[in-house]
Amino acid sequence: MMNKNPKNNFAQGNGGEIHQCAEDGYDTMTTQQGTPISDDQNTLRAGARGPALMEDFHYREKMFHFDHERIPERIVHARGYGAHGYFETTKAIPELTKADIFQRVGEKTPLFVRFSTVAGNKGSFDLARDARGFAVKFYTKQGNWDLVGNNIPVFFIQDAIKFPDLVHAVKQAPDRDFPQAQSAHDNFWDFISLMPETMHMIMWIMSDRGIPRSFRFMEGFGIHTFRFINEKNESHYVKFHWKPKLGMQSVVWNEAVKINGDDPDFHRRDLWNSIQSGNYPEWELGVQVFDQEWADKFDFDVLDATKLIPEEDLPIQIIGRMVLNKMPDNFFAETEQVAFCTQHVVPGIDFTDDPLLQGRNFSYLDTQLKRLGGPNFTHIPVNAPKCPFHNFQQDGHMAQHNPKGRVNYEPNGWEKEIAGPRESHKYGFTTFRQPVEGEKTRLRPESFADHYSQARQFFISQTKVEQQHIIAALTFELSKCEVVKIRERVVAHLRNIDENLAKAVADNLRLDKMPEPFPSHVKTKQDLRVSDALSILKTRKETFKGRKLGIFITDGIEASELDNLEQIFKQEGATVERIAIQVGGIVDSKGNRIMAQHQIDGGQSPLFDAVASLTSDKAIDAASKNAAVRDFFTDAYAHYKYIGYNSSSKKLLEKIGLADKMDEGFVNLGDKASDEQFLKSCRNFRYWERPDGA
Ligand code: HDE
């Protein structure tokens, strides 16, 4: 009988006859060998109460497979979430690069993206303060190109040889195996305080960039300077940027801590929900392109990965867009097994001598060997190119295919039909002919010596609110360090960045005296101009699209009030979810049942970008006595959120102690005009003027 359910993911094999079918129309369960299984509930035993029998091949195979389900998690970026999508070229740039993907406007190239945190283990929570991985595998017609980037445009260190130390320092201490997924501990800050080159990235990590609202609201960066190579073999330097269509957004720290409890999967759920609901996340790909002459004039060495090029100094040209429109069918097969390598490049894209990039070029292939168990990880569908590929590599663990025929070497003199592939001088990847000379040496170039100027530029480019967040983050992290000397050493560095910053942190830590500035070979440049592009709040997009409103509802409300509010927000492209005392929802003034998505305990306000309260007079007394209801609103207040309320909810807010706090972040609801006013306010995301938020 034919497989009745060809769409069933578990129906494998070559599609031939399945010789048996379970009586009720389901596919018959089989062993991996295809042997039909009659009983999956009981092991084979000698008598009903007797010992198990070794000949139970079904049990043996099932348990053997289960015992080996895990593969080593990534040593960094273990926690990640991936999606499929496409890249559409919007500007052809043949004068800059011969990379096939950038030749034809309108052409779509399939891709796979994996977002990740860096420090935490696979099961850690999403809203750790951390950099986020932003790794893209483009399946181009000339091979796979992996742009393995982060959401922060600079890195902690200048030389790859320090990477194991950095990662050891930030991850759990080896004796106690904690703290997990956080940098707020002595080992991390001890290392950082002895490595001045980390200071620029520290500013980014301590800023709101370290706690993004979701993957959809963050930028991505290739970080290193790469090369574009055109048909004439001319080289241009290039830096890659991803710009989120919905703009950037982050949460506040107190909120991040609560989200990690309320929903540790906050970021992955967000990506899942937005793709499943057809609101496909989108980014633009931009490039900063420059030549040697420009590089020579720039204040810093373009090979130094702790430096960026401000957009104001070198504008970004947009050359394409990325849309994520499909979740993997299976997390493990795709997201866990995807193998990114910085050395996966295509003709037209080449490396520079950035020592961090050079070091990465060794590490990624090496790590895949351990993680995926052999050299044939390229045979796993998510890693295989989608263009034709031919070579004489063969065998190895888990080979899924080998070259056909008798010829497995080259050069060979066999006729074309069986000779196999040949190299192509015309189409093949050629390395840029960059002259190289010099003594072999372990030396850091002088041009890498300025560790504070761009850290300062980042800090002074932030709004006051964002600067306060950096100060608060440094205070939080250093307060978790038990060794006072470590706190002092970090403040000594901050003095080289900005005296006000150093003073604020020192005061917050209650240091006895201000430490001397950390010795520095280079004076911090005071004249680097403010770069607005570095600030999230200065580049904010005026929309609530893609955001989430949570509406608290009680029995006895007017259904039309709820309908109107929901409509207005949905038209904006926002998601609306209802929260009630019980998940079964409420009964409105006309006796009709309205369902909720959350019970108040499981739908707390940190999960929403703004909240509203629609209640009836008869319900507010009980609601005000409910601790979870109180938390819902006091947290929303502390996290600077806009809070909409109807007339009865005003009394509720008063009862729970917010009476004297009702500032302009509170918006009265009730008719269409005021609902629209509420939406308009929400487009600002947060009411930062609030004096005593979190
Ligand atoms: Fe990675 N990094 N890295 N890294 N990295 C890995 O490869 C490494 C660095 C980045 O979603 C590992 O497959 C070294 C910078 C991402 O699967 C490993 C150095 C940037 C991902 C590795 C760096 C990154 C990784 C671990 C110092 C931003 C996750 C598992 C020179 C541009 C990719 C793996 C995914 C993963 C090595 C520094 C981004 C061990 C040696 C800088 C997004 O190979």
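The model is a predicted one, in which local features need pLDDT of at least 70 and side-chain atom pairs count only at pLDDT 80 or more, while totals for chains, interfaces and linings use all residues. Numbering starts from 1 along each chain as its sequence is written, and side-chain values use heavy atoms, with hydrogens and water left out.

Domain 1 brings 14 residues to the contact and domain 2 brings 13 residues, where contact means heavy atoms within 4.5 Å. About 1200 Å² is buried between domain 1 and domain 2, with 48% of it on carbon and sulfur atoms. Here buried area is the accessible area (1.4 Å probe) that two parts lose on being put together, summed over both. On the domain 1 side, the residues that lose the most area to domain 2 are Leu246, Glu255 and Asp262, which together make up 38% of what that side buries.

Charged pairs also feature at this interface. The rule finds 3 salt bridges across the interface of domain 1 and domain 2, a salt bridge being a side-chain nitrogen of Lys or Arg within 4 Å of a carboxyl oxygen of Asp or Glu. Glu255 and Lys641 meet through their side chains in a salt bridge, at 2.6 Å from N to O. Helix 5 (residues 253-262) gives the most to the side of domain 1 that touches domain 2, with 5 residues. Helices (H or I, at least four residues) and strands (E, at least two) are DSSP runs, numbered from the N terminus.

Attention now turns to the ligand. Of the 21 residues around the ligand, those that come nearest are Arg74, Arg114, Arg360, Tyr364 and Gln368; a residue is near a molecule or strand if one of its heavy atoms lies within 4 Å of it. Arg114 has a polar side-chain atom 2.6 Å from an oxygen atom of the ligand. For Ser363, an N or O atom of the side chain is 3.1 Å from a ligand oxygen atom, and for His77 such a side-chain atom is 3.4 Å from a ligand nitrogen atom. Helix 9 supplies the largest share of the shell around the ligand, 6 residues.

Phe178 and Pro179 are joined by a cis peptide bond with omega of about 0°, and Pro179 is found in the loop between helix 2 (163-170) and helix 3 (186-193). The peptide bond from Glu410 to Pro411 is also cis, with omega near 5°. Tyr640, although not a glycine, has a positive phi of about 65°.

Terms used:
Polar contact = N/O pair within 3.5 Å; in protein donor to acceptor, adjacent residues only side chain to side chain.
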